[in-house]
Amino acid sequence: MASEQPLFLKNLWYFAFHGSQIKRGKLVQKEILGERIVFGRDKEGHPFALKDNCPHRGVPLSAGWFDGDTIQCCYHGWKFNCSGTCTGIPALADDKFDVSKIKVYEYPCKEISNTIWVYIPQNKLKLEGAEERLPNLLIDADKKFLHVETVTMPTNIDHSVIGLIDPAHVTFVHQSWFWRSSKNLKLKEKNFVPDDLGFKMARHKPSSNSKGYSVLKGGTSTEINFQLPGNRFEHIQVGKNEIVSITTLTPINENETELNHIFYTTIGLAKLLWTPLKSLGKTFIGQDLGVFHKLREGLDTNPTLMLLGDPDTQAKWYYELKKSWHQSIEEKNEFVNPLQPQTLHWIT
Ligand code: FES
Ligand SMILES: [Fe+2]
């Protein structure tokens with residue numbers, strides 16, 4: 001099942017943090033695609049992302065000091081501004097040396113609707129086109145997402161994505177009295193179309209055997225969109241109101257993937273009920289995490305795997321999309337979405 005192509009997709013934006021996770025005056029280190037990055041906010045409050053190594057002898061800059069303006073390495077005290085330019089070398093007596101020639105690599109980093117994204121380039125010197133690939137978060141930029149949960153999945157990005165877009169596990173992993181039970185199965189028919197860097201399930205009424213959805217009265221419809229590198233966007237229309245629920249997957253390294261869940265709604269009641277809603281979200285993610293720890297045990301013995309039939313077709317599409325993305329980078333061509341519209345059936 002696993003492919004020979006590289007595991008990580010470059011030249012794409014990855015979810016790094018919910019805005020509330022990066023406070024002013026604090027540095028936070030995070031490994032993304034195996035690269036160690038230090039995040040912070042500059043004086044204006046804009047987030048930045050720098051390679052987390054001092055250019056002098058490689059000590060993590062995140063281990064140093066930060067006054068909200070200048071980062072100082074904890075080893076020999078070299079100073080850097082928030083764009084990574086060196087601004088001072090305390091031990092250097094030669095005052096003619098231009099320290100600003102020394103730069104820490106700065107990753108493109110953007111905050112959108114209270115979420116912080118970082119661009120991981122294939123070639124660190126070539127950033128053209130990065131802005132065009134910023135994800136569409138489905139809400140106006142001045143609106144803010146709430147943070148539901150951040151967890152570390154004990155599997156690589158491929159297994160994590162397949163788990164995210166897998167319809168068949170819902171019956172068995174997300175069984176609960178308030179959501180649905182495995183005794184009440186229905187044949188589902190879903191129409192898919194290719195869309196940008198992925199595919200979307202055409203707008204439809206949510207499943208009638210799910211109690212969770214049935215509480216949302218009044219012309220409810222949902223559209224689910226999957227986009228490379230590993231993000232799932234769900235837009236639910238409830239009368240005039242809307243709900244946007246986004247799950248992002250960010251590879252930490254070859255063995256671990258971070259899952260983040262963010263949420264937005266115009267429904268006033270949902271804001272009042274935020275604490276129980278958030279714990280509902282955490283329960284779902286906890287159920288996935290539970291089965292992923294079992295999956296990890298299974299994968300450690302390196303078994304042969306299979307993708308079978310319509311329930312696993314989205315997983316096959318993911319690999320096809322990935323292949324096309326890698327190809328477009330290698331051949332320096334525009335990405336061409338390789339998928340065709342298709343109707344899938346499954347029982348859940
Ligand atoms: S290693 Fe950072 S100042 Fe020397
Ligand atoms: Fe799940």
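Student: Into which domains is the protein divided?
Tutor: In this predicted model, the protein is divided into domain 1, residues 12-133, and domain 2, residues 146-347.

Student: What distance separates the centres of domain 1 and domain 2?
Tutor: Taken over C-alpha atoms, the two centres are separated by 32 Å.

Student: And how many residues does the contact take from domain 1 and from domain 2?
Tutor: Domain 1 gives 12 residues to the contact, and domain 2 gives 12 residues.

Student: Which elements give two or more residues on the side of domain 1?
Tutor: Those elements are β1 and β2, the latter spanning 28-32. The largest share of that side comes from β1, with 5 residues.

Student: What is the make-up of that side by class?
Tutor: The side of domain 1 that touches domain 2 has 6 nonpolar, 5 polar and 1 charged residues.

Student: Turning to the sheet with β1, in what order do its strands lie?
Tutor: The sheet is open and has 3 strands in the order β1-β11-β10, with antiparallel pairing.

Student: Why is one side of β1 and of β10 left without a neighbour in the sheet?
Tutor: β1 (12-18) and β10 (109-112) stand at the edges and each has a single partner strand, so one side of each lacks a neighbour in the sheet.

Student: By how many degrees are neighbouring strands turned against each other?
Tutor: On average the angle is 30°, with direction ignored.

Student: How many bridges join β1 to β11?
Tutor: There are 6 bridges between β1 and β11, which covers residues 115-120, and the two strands run antiparallel.

Student: Which residue in β11 is the bridge partner of Y14?
Tutor: The bridge partner of Y14 is V118.

Key
Residues are numbered from 1 along each chain as its sequence is written. Chains are lettered from A and ligands numbered from 1 in the order in which they are written. This is a predicted model: local features need pLDDT of at least 70, side-chain atom pairs count only at pLDDT 80 or more; totals for chains, interfaces and linings use all residues. Two strands pair if DSSP finds at least two bridges between them. Helices (H or I, at least four residues) and strands (E, at least two) are DSSP runs, numbered from the N terminus. Axes are lines fitted to C-alpha atoms, for helices over the stretch in contact, and angles run from 0 to 180 degrees between N-to-C directions. Domain bounds come from an automatic or database domain assignment. Two residues are in contact if their C-beta atoms, placed from the backbone, lie within 7 Å. Ala, Val, Leu, Ile, Met, Phe, Trp, Tyr, Cys and Pro count as nonpolar, Asp, Glu, Lys and Arg as charged, and the others, Gly among them, as polar.
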